[in-house]
Amino acid sequence: DASLVRAVIQVESAYEPRARSSKGAVGLMQVLPSTARQYGIRNLYDPVANIRAGVTHLKSLLDRFPLELALAAYNAGEGAVARYAGVPPYPETVTYVARIRALTGL
């Protein structure tokens, strides 16, 4: 869903292709280098490659989790979602999921 991808990009990087988080996530979809390697992506600052990695990763999460948990896993990691058996009670993650749902209406 293109609106979902646009919302993730808006919340993750505000459409800044050179964005970098304190945890090392990079680019438009704030993909971690380790995640990029899983999908054979080398240059996370290339917007096309970054979106390809982010969409592929998000799709893999959506194949395993309902939307809310997939978004939480994208933000906090699959381990955190498993550990809490739901959306982790991290303020950042709770806000992240709510912001994307508000932007998409999903």
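The protein chain has six helices and zero strands, where helices (H or I, at least four residues) and strands (E, at least two) are DSSP runs numbered from the N terminus. Before going on, a note on the source: this is a predicted model, in which local features need pLDDT of at least 70, side-chain atom pairs count only at pLDDT 80 or more, and totals for chains, interfaces and linings use all residues. Residues are numbered from 1 along each chain as its sequence is written, and side-chain values use heavy atoms, with hydrogens and water left out.

Read along the sequence, the pattern is α-α-α-α-α-α. The radius of gyration of the protein chain is 13 Å, close to the 13 Å that the globule rule gives for 106 residues, so the chain is as compact as a globular protein of that length. That radius is taken over C-alpha atoms, and the globule rule is 2.2 Å times the number of residues to the power 0.38. Along the principal axes, the C-alpha atoms fill a box of roughly 35 × 25 × 25 Å.

Now the inside. Of the 106 residues, 41% count as buried. Buried means under 20% relative accessible area, exposed means over 50%, and partly exposed is in between, with a 1.4 Å probe and protein chains only.

Which residues have the most contacts inside the largest nonpolar core? They are Val8, Leu71, Tyr74, Tyr96 and Ile100, in a core of 26 residues. A nonpolar core here is a set of buried Ala, Val, Leu, Ile, Met, Phe, Trp, Tyr and Cys residues joined through side-chain atoms within 4.5 Å. Helix H1 (2-13), helix H3 (47-64), helix H4 (67-76) and helix H6 (91-104) each supply at least two residues of this core. H1 gives the most, with six residues.

Look at H4 next. Its buried residues are Ala70, Leu71, Ala72, Ala73, Tyr74 and Asn75. These pack against H1, H3, helix H5 (78-84) and H6. Take Tyr74 from that set: leaving aside residues up to four places away in sequence, Tyr74 touches Val8, Glu12, Met29, Val31, Gly54, His57, Leu58, Leu61 and Tyr96. Contact means heavy atoms within 4.5 Å. Just after H4, Gly77 takes a positive phi of about 100 degrees.

On phi, there is a general point. Most residues other than glycine have a negative phi. Tyr15 is not a glycine, yet its phi is positive, about 65 degrees. Gln30 is not a glycine either, and its phi is also positive, about 50 degrees. Tyr15 lies in the loop between H1 and helix H2 (33-38), and Gln30 is found in the loop between H1 and H2.

Is Gln30 buried or exposed? Gln30 is buried, because its relative accessible area is 11%. Tyr15 counts as partly exposed, because its relative accessibility is 42%.

One more loop. Asp46 lies between H2 and H3, and Asp46 counts as partly exposed, because its relative accessibility is 32%. Asp46 and Gly27 are 19 residues apart in sequence, and their C-alpha atoms are 7.7 Å apart in space.

Last, the charges. The protein chain has 12 positive and 8 negative side chains, and the centres of the two sets lie 5 Å apart. Lys and Arg count as positive and Asp and Glu as negative, while His and the chain ends are not counted. The place of a charge is NZ of Lys, CZ of Arg, CG of Asp or CD of Glu.
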